Amino acid sequence: MKKFLVVMAVLAAVCMTTAAYAIDVTLSGEVAVRERLFLNNIGTTNSSGTTPNSATYTGSQAIANSHADRTNDAYTQSHFLLEVNIKADNNIKGKLALFNDWDDWGGSGRGAIDQLRGYGNSSDGSSNSNVGNVPANSQYNQANGSSAFIREAWIDFMVPGTPVGLKAGRMLGQLGQGWFLRSQYGGQDAWLLYANLGSTTIAFQDVKVSEGQTNQGTATVKILDTTRSFDDVDLYSFIATIKPSDTATISFDLSYLNDRNGVVLVSPIGASGSGQFSTGTGYLWNLGMSYNVKAGPATIKGEFDVQNGHVQTFGSPAALSGGTDYGGYQGIVMASVPVGIVTINVNGAYGSGNRPGSSNYSAYTPMLDITQHYTYIYEYRNKTAAGGTYLGFANTTALSAGIMVQATKSVAVGFDTWWLQATEYPTVRNATTGNFVSKPLNGAQDSANSKDLGIETDFKVNWQISPNLSWNTQLCWFATGAAYRTPNNGVANVGGVGQGWMDDIYTIQGVLMLKF
């Protein structure tokens with residue numbers, strides 16, 4: 001709370017002192033309230049009336065917030081964004097943005113009685129490890145009673161007499177269409193040096209991904225390399241953007257991830273059987289090409305990425321003593337065509353996955369923020385075929401089609417249906433051989449795995465009440481496929497192993513938002 005008050009005082013001081021300088025300062029932001037309802041987000045009974053192991057379902061669906069242990073759940077949350085936009089002249093500008101994550105109404109540290117008692121204030125000795133429902137694995141998790149944090153604080157200026165500019169600080173950003181690197185939620189700390197050369201812009205970017213963070217994983221598999229004195233994780237990118245015409249933009253980026261302590265490249269952690277291993281120093285190259293083309297009424301966007309890298313591996317098995325090679329790739333194409341009051345959307349994507357029998361890490365490795373990227377349930381709220389949430393199209397092949405209809409001047413309705421399949425069978429590393437082995441997303445290693453992830457349909461109703469006020473609703477249905485089958489629950493026998501189906505998942509989310 002003290003940090004929040006200090007930030008508010010600074011923002012107020014900035015606004016009050018603008019008269020002393022020849023600068024323009026504008027205030028903008030948003031206030032939002034959202035309601036959510038989840039049905040069978042973990043699942044207690046399948047279609048045959050059998051109750052699967054709840055721990056199996058909790059582990060398989062890994063919903064990344066404090067509501068992860070509830071089968072059916074409903075809650076209301078609120079958040080705000082306050083932005084101060086600063087313009088000294090056409091060549092100098094900056095921005096401050098204060099953002100709070102979605103806070104549960106009446107949640108721990110959020111109820112009126114708790115606030116009156118000072119709950120979460122470090123001065124009274126109380127504590128809360130997950131205040132405001134900030135995901136525990138998020139860098140925005142606060143333990144001081146406030147989930148507000150600095151989302152943006154940057155300076156951008158042009159070197160006088162040159163086409164060269166420099167932007168530095170905490171900023172929102174992404175590379176290409178945002179399927180390798182995307183930081184549009186909480187921002188990223190970065191230097192961005194750029195030059196505008198007519199229809200071409202070239203840039204060099206240095207993103208501080210992590211500072212002072214060590215290997216990820218549970219206590220049983222974490223092995224720290226104490227011989228290294230550096231723990232930084234940096235992403236260096238060279239970017240070239242070309243605009244050949246008013247209707248086309250093409251971008252190329254070459255990035256080098258220097259992961260000095262296995263913070264990003266932690267995927268080899270996790271195994272079936274005995275043994276333990278963890279990751280150390282690693283690197284990852286990513287070469288990307290993206291485009292945005294308007295052809296008649298159609299808009300077509302795409303991105304293609306290929307990766308190559310290596311990470312050290314410690315502990316057993318001995319087969320991984322030389323480390324693990326990385327080599328993922330992905331391709332995404334998205335098109336939309338307006339036809340009168342109807343907009344037709346068609347999307348296709350392919351992301352590589354780990355191959356059973358190989359020790360190389362072949363799944364594409366993205367670095368995405370904790371927001372919805374395409375499907376609401378499968379990639380945003382559920383465990384994907386790559387083993388976690390917010391992983392884009394890693395080990396996922398997807399096709400979708402949908403429409404959006406402007407039913408009235410203020411109301412648009414539509415849907416998107418996604419057909420989802422694992423590119424490779426879902427896998428886990430074998431702790432003895434170091435190779436990836438086939439394993440369903442639910443339950444133990446099983447010989448009857450499947451690539452069928454299911455079909456998700458997301459219905460949308462967007463109500464623009466006024467130019468500044470909107471109420472947007474999503475109603476989502478994820479018909480889970482055989483890849484989410486739960487072994488050993490006594491429903492049926494496939495290859496001598498009991499099989500059951502995870503229930504379909506249903507969610508509803510409504511967001512009431514005022515922008516100013």
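Contact here means heavy atoms within 4.5 Å. Please keep in mind that this is a predicted model, in which local features need pLDDT of at least 70 and side-chain atom pairs count only at pLDDT 80 or more, while totals for chains, interfaces and linings use all residues. Residues are numbered from 1 along each chain as its sequence is written, and side-chain values use heavy atoms, with hydrogens and water left out.

## The nonpolar cores

Leu453 belongs to the largest nonpolar core, which has 34 residues. Within this core, Tyr374, Tyr378, Phe393, Leu420, Leu453 and Phe478 touch the most other members. Two or more residues each come from β1, β2, β3, β18 (411-422), β22 (469-480) and β25 (505-515). A second, separate core holds 26 residues, among them Met158, Val207, Val264 and Leu284.

Two terms need their cut-offs. A nonpolar core is a set of buried Ala, Val, Leu, Ile, Met, Phe, Trp, Tyr and Cys residues joined through side-chain atoms within 4.5 Å. Buried means under 20% relative accessible area, exposed over 50%, and partly exposed in between (1.4 Å probe, protein chains only).

## The chain as a whole

How many helices and strands does the protein chain have? There are 3 helices and 25 strands. Both are DSSP runs numbered from the N terminus: helices are H or I with at least four residues, and strands are E with at least two. Of the 516 residues in the protein chain, 48% are buried. Among contacts between residues at least 6 apart in sequence, 65% join residues at least 24 apart. The protein chain exposes about 22900 Å², and carbon and sulfur atoms supply 60% of that area. Accessible areas come from the Shrake-Rupley method with a 1.4 Å probe, and for residues only the protein chains shown count as cover.

Two strands pair if DSSP finds at least two bridges between them.

A hairpin joins β2 to β3 through 2 residues. In a regular strand the side chains alternate between the two faces of the sheet.

Ser28 lies in strand β1 and counts as buried because its relative accessibility is 15%. The side chain of Ser28 makes a polar contact with the side chain of Asn85 at 3.2 Å. A polar contact is a pair of N or O atoms within 3.5 Å; within protein, one must be able to donate a hydrogen and the other to accept it, and residues adjacent in sequence count only if both atoms are side-chain atoms. Leaving out residues up to four places away in sequence, Ser28 touches Leu81, Leu82, Glu83, Asn85 and Phe516.

## Arg151 in strand β5

Is Arg151 buried or exposed? Arg151 is buried, because its relative accessible area is 11%. Arg151 sits in strand β5 (residues 148-158), and its side chain reaches the backbone oxygen of Gln184 at 2.9 Å. Its contacts, apart from neighbours within four places in sequence, include Leu81, Ala97, Phe99, Arg170 and Tyr185. Arg151 and Glu83 are 68 residues apart in sequence and 9.3 Å apart in space, C-alpha to C-alpha.

## The loop between β16 and β17

Thr365 is found in the loop between β16 (342-351) and β17 (396-406). Thr365 counts as buried because its relative accessibility is 7%. Leaving out residues up to four places away in sequence, Thr365 touches Phe180, Leu265, Leu284, Gln307 and Tyr326.

Most residues other than glycine have a negative phi. Tyr390, in this loop, has a positive phi of about 60 degrees although it is not a glycine. Asn395, in the loop between β16 and β17, has a positive phi near 50 degrees. Tyr390 is buried, with a relative accessible area of 9%, and Asn395 is buried, with a value of 3%.
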